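Subject: Structure handover

Hello,

Here is the structure I said I would pass on. Please look through it before you read my notes.

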Amino acid sequence: MNLRRTAPLVATLLSAWSFAAAGEIYGKIVEGSASVGEAASLEMKCGEKSYPAVKTDKTGSYRIVLNETGKCTMTVRYKQQSASLDVASYEDAVQVDLSVELKDGKLAVRRK
């Protein structure tokens, strides 16, 4: 294999990978002390860019990969209601564990 031909390809792939992983946010959602399981979903909006919803897995965990860094709004949907909070996306992965609760019939979400 010719190094001259593969070096640009490797550089392109590495830069594309770092761009794709620019803003990873992951965590777990609980209600009280119990996991929400697969019952919640999260959507992100960063500036004008919206990201489709991702569902939590059976442990209540989620992972969202964003194309940019900066201030974002996360919307959590759970038990047919939604609540939002601001989060920041960085170049490195960020763990954002959340707690949800129904307060006065409305969903509330906060960082754990």
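The notes below cover strand pairing, salt bridges and one surface patch.

This is a predicted model, in which local features need pLDDT of at least 70 and side-chain atom pairs count only at pLDDT 80 or more, while totals for chains, interfaces and linings use all residues. Residues are numbered from 1 along each chain as its sequence is written, and side-chain values use heavy atoms, with hydrogens and water left out.

Strands

Strands here are DSSP runs of E of at least two residues, numbered from the N terminus, and two strands pair if DSSP finds at least two bridges between them. Strand S9 (residues 98-103) pairs with strand S10 (residues 106-111) in the antiparallel sense, over six bridges. The two form a hairpin with two residues between them, and Asp-104 in the turn has a positive phi of about 55°. Within this pairing, Arg-110 in S10 is the bridge partner of Ser-99, and Glu-101 stands opposite Ala-108. S9 also runs parallel to S1, joined to S1 by three bridges; there Val-30 stands opposite Ser-99.

Salt bridges

A salt bridge is taken as a side-chain nitrogen of Lys or Arg within 4 Å of a carboxyl oxygen of Asp or Glu. By this rule there are four salt bridges. One of them joins the side chains of Lys-79 and Glu-31, at 3.3 Å from N to O. Lys-79 is in the loop between strand S6 (70-78) and strand S7 (81-89), and Glu-31 is in strand S1, 48 residues apart.

Another is formed by Arg-77 and Glu-43, with the closest N and O atoms 3.0 Å apart. Arg-77 lies in strand S6 and Glu-43 in strand S3 (residues 40-46), so the pair ties together parts that are 34 residues apart in sequence.

Asp-86 and Lys-71 also form a salt bridge, their closest N and O atoms being 3.7 Å apart. This pair ties S7 to S6, across 15 residues in sequence. Lys-71 counts as exposed because its relative accessibility is 64%, where exposed means over 50%, buried under 20% and partly exposed in between (1.4 Å probe, protein chains only). Asp-86, at 47%, is partly exposed.

Surface patch

Lys-28, Lys-103, Arg-110 and Lys-112 form a positive surface patch. Patch residues have over 30% relative accessible area and no salt bridge, with like charges joined within 9 Å and nonpolar side chains within 5 Å. Lys-28 is found in strand S1 (residues 23-31) and is partly exposed at 35% relative accessibility.

Regards

Notes. Areas by Shrake-Rupley, 256 points an atom, 1.4 Å probe, with all protein chains shown as cover. Lys, Arg positive; Asp, Glu negative; His and termini not counted. Charge placed at Lys NZ, Arg CZ, Asp CG, Glu CD. Helix = DSSP H or I, 4+ residues; strand = E, 2+ residues; numbered from the N terminus.
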